[in-house]
There are 2 protein chains.
Amino acid sequence: METIQIRLTEEQIEVLQSLVSSGIYPSKSEAVRDAVRKYIRAYETGIQENIETAQKQVETEIVKVIEEERKEYQKVKGTIDFYPEEKAMRDLLFSSLRNTAKKFNFKEIETPAFETLELLTAKSGEEIKAQIFTLEKRSTEQLGLRFDFTVPAARMFVQKQKELPKPVKWFVIDKAWRYEAPQKGRLREFYQFSCELLGSDKPEADAEVIRMAIELYKSMGLTEKDFYVRLNNRKLLVSLLSNIPQEKINSVLRVVDKVEKLSEKEFSDELKQLSLNEKQIKNIQNITLLKGKPSEIIQKISLESEATKTAVDEMTKIIDGLDGYEDFITLDLSLVRGQDYYTGTVFEFFDREEKYRAIGGGGRYDNLIELFKGEPCPATGFGIGLVPTMLLLEEKGLMPKLELRPDYYVAYFPNVKKEALELVKKLRKNNIVETDLMQRKFGKQMEYANSIKAKKLIVIGENEVKERNIKIKDMNTGIETEKKWNEVQ
Amino acid sequence: METIQIRLTEEQIEVLQSLVSSGIYPSKSEAVRDAVRKYIRAYETGIQENIETAQKQVETEIVKVIEEERKEYQKVKGTIDFYPEEKAMRDLLFSSLRNTAKKFNFKEIETPAFETLELLTAKSGEEIKAQIFTLEKRSTEQLGLRFDFTVPAARMFVQKQKELPKPVKWFVIDKAWRYEAPQKGRLREFYQFSCELLGSDKPEADAEVIRMAIELYKSMGLTEKDFYVRLNNRKLLVSLLSNIPQEKINSVLRVVDKVEKLSEKEFSDELKQLSLNEKQIKNIQNITLLKGKPSEIIQKISLESEATKTAVDEMTKIIDGLDGYEDFITLDLSLVRGQDYYTGTVFEFFDREEKYRAIGGGGRYDNLIELFKGEPCPATGFGIGLVPTMLLLEEKGLMPKLELRPDYYVAYFPNVKKEALELVKKLRKNNIVETDLMQRKFGKQMEYANSIKAKKLIVIGENEVKERNIKIKDMNTGIETEKKWNEVQ
């Protein structure tokens, strides 16, 4: 033990004294001793930083409260409100996507909004990890909002892998969330169409998903004049890089991935930085020039190695499976699409004018299911970003237009309310029907019926009730027709 | 200034000395003084609790890492995976709810999954606040997942309040999230049907939403034998408590709210604790006995005060508007439904056997829009808990049953793949069609077609291609019919 003397301000002494008075410590020096103990513990656990930031937090808090008092409630940045018309138009679009996917015998599933962070980060790159909306911890589990559907679908697949007949064909249309800087075509809350074809390692499966993707875009009204797909096979690309040392392949792929964004000089400079020689660089440059009609490009590929032959054979089978879709397809040997995720076929969809980044894309990922603790299982699939796709549709005038109009407005006088409601109930079996819920005078009811663009108007008064006869006025043409009360439906 | 002497252990002195040696403090006593300063600051900002829990957190962390290594990826507790059949059945149910709501001229909207915590907590009670799934802070905004739809719908309404013709009739069917202990009929991620009728203070509006709620349950196949609605008006109840001092009304309502859960003795004991006299308690007990057929109960209410007369008049108008739905309705003067939220009409839906808590409920909330910084605006609405409702449907054998079967399976021999795919493409215009994606031998293709229960089978071989003639086999009856290739559709 050692004794230390310290001098404290009167304010400090006052606080310590209050702790003693309230019975927390037997003496002021015991309070100081405890302070030292806690300080040391805090020092050791790194918590003292908290103490230092605590004051700042309090200040920020005060600023925030003042700001909050001023502003109105707003939706969160990067999210969308769907008001009735927008919701109805979007649902119309989604239902045509659903119908198309179902024709291909893909089946819709639905996954929880959040998953364990452990699952979400198991195979994700650093960029995506940083974009996950994580939940504040409530129990031992750390949770995050899904950022795509491949991850939760893989989990669901693994849980029933044994009992499901293969291939499994699943799709989802739902929201996912990523913390990104919101911009045109990119939101923090966004809709995706996503599908997975699990259990087939054959090119027929890749062709099936590409066929479906094209049909999905077509079902929204887009044609080969509006969009196209860039197609490649990573195995084919790698087979053509046989004069590049194995350990440099991934670095080269990363540079090739950027070829569209770099000038010719920048591109060769980046390759030089990988210590490649002139011949190797020339080889890579020639490969990236291979893009165009599949049949023509395939002829240009020299079948020097077995690996190239196999990859070309696989590609040819996919192209065969895309018979009738030639106008949509560009074979593009420079397409890499991400770094480590895909194992073979890769493809991306673009609008012809390339106003947007990819509006969709996918490929084969044969290692993923194993990564998620399932039995090894080949897989292929794709996703469509519905936010940029809808912008494209908008631009092309292809967004479905519709007005939400009730079929009938039933106006009534107060003394026949009971009978009017009877009629409303009957009409609602088959029609969208509005009536007065505001005790509006008759004239106001008519005004309201007009303002909501009711298609037909029925007026119920004493005469109508007595004679069991109803006049139906077509609000577009102004023409009135009469019907017996019990004939109305 | 005051001087204090303290004694410290050698270990403590050692740490302090190391701080001095590393130049952080000029002397040990200065280190102690800083410890005291920080301690006091921490004490004042409540941060010392963090210090104490820090060690525990580290321990928990270690336990978690060990646990995580062991277990497989699981979905999060209290969430549901929807596999294709379950998803399709549920969507069938939801689409009948949507159709019914649309007949009433309610329009579907959609809200973001998360909102600012400021909005979510603006009018919520403590219980709900504690159940909000909050997101880890990424910017200055604090966000949480929506726990209902009234809050985000109110925000959306306020943002367009001026331009929207009244009444506004909106509904939502979507997920919401609450951190609760998962149990039968209650999940952390759950589906709700929710609707709001904004802009009418008239009983006609209350009657409209109750009519719709009943029709929604009916559209799922439930009848008056399966469920009923308890109806009350808080103004009516309060008007009958005229002999209770104003300041005790809320406390009394809280006790009345629990009448179903308490014995008669417990009930009167709780009222005694509010210092009510015998007569007052007897009065309250008599009121809670008022439950049954609306017409009969209304007759039993003594119209002593103007307030009671007005409230009974309002109730009578609602009952009038529910003409034809009498068998579903119990007037129950003990129904309070929460504490501060509702301003008039309240109602709750129960299964007749009362196996579940309320399967739905709602009421009038005339102050809410103003609370959310809108112009004052009357409102009424309700929510249906779809998780308990689906359990009830299951129990009654009313959950829609369906099998997802493709219309066609097209089996083919490798040499006519091109022609087979042509046919598949054509058939997919109107049908759900599956074909081989696995390069399966012919026999295996037939097995697979059987395993997925394809309704019809088409086999494409050389003959079929040559003769442009196709045999279609009905897999239920075994009957084969022939068709010309170009007649198939």
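Modeller: Let us begin with a term: a nonpolar core is a set of buried Ala, Val, Leu, Ile, Met, Phe, Trp, Tyr and Cys residues joined through C-beta atoms within 7 Å. Please keep in mind that this is a predicted model.

Biologist: How many residues does the largest nonpolar core have, and which have the most contacts inside it?

Modeller: The largest nonpolar core has 174 residues, and those with the most contacts inside it are A213(A), V229(A), A213(B) and I369(B). Apart from it lies another core, of 22 residues, with L8(A), L16(A), V32(A) and L19(B) among them.

Biologist: What does I369(B) touch?

Modeller: Leaving aside residues up to four places away in sequence, I369(B) touches A154(B), F157(B), V158(B), L198(B), G374(B), P376(B), C377(B) and A379(B).

Biologist: What makes helix α7 of chain B mostly covered?

Modeller: A residue is buried if 20 or more other C-beta atoms lie within 10 Å of its own, and nine of the ten residues of α7(B), which spans residues 150-159, are buried. Among these buried residues are A154(B), F157(B) and V158(B), and the buried residues of α7(B) pack against elements of chain B including α15 (368-371) and β12 (379-385).

Biologist: Why is the contact of α4(B) with α8(B) said to have one charged residue?

Modeller: The contact is made by S96(B), L97(B), T100(B) and A101(B) of α4(B) and by M212(B), E215(B), L216(B) and S219(B) of α8(B). Asp, Glu, Lys and Arg count as charged, so E215(B) is the charged residue here, alongside four nonpolar and three polar residues.

Technical notes
Residues numbered from 1 in each chain as written. Chains lettered and ligands numbered in written order. Predicted model: local features only at pLDDT ≥ 70, side-chain atom pairs only at ≥ 80, totals over all residues. Contact = placed C-beta atoms within 7 Å. Helix = DSSP H or I, 4+ residues; strand = E, 2+ residues; numbered from the N terminus. Buried ≥ 20, exposed ≤ 12 C-beta atoms within 10 Å, placed from the backbone.
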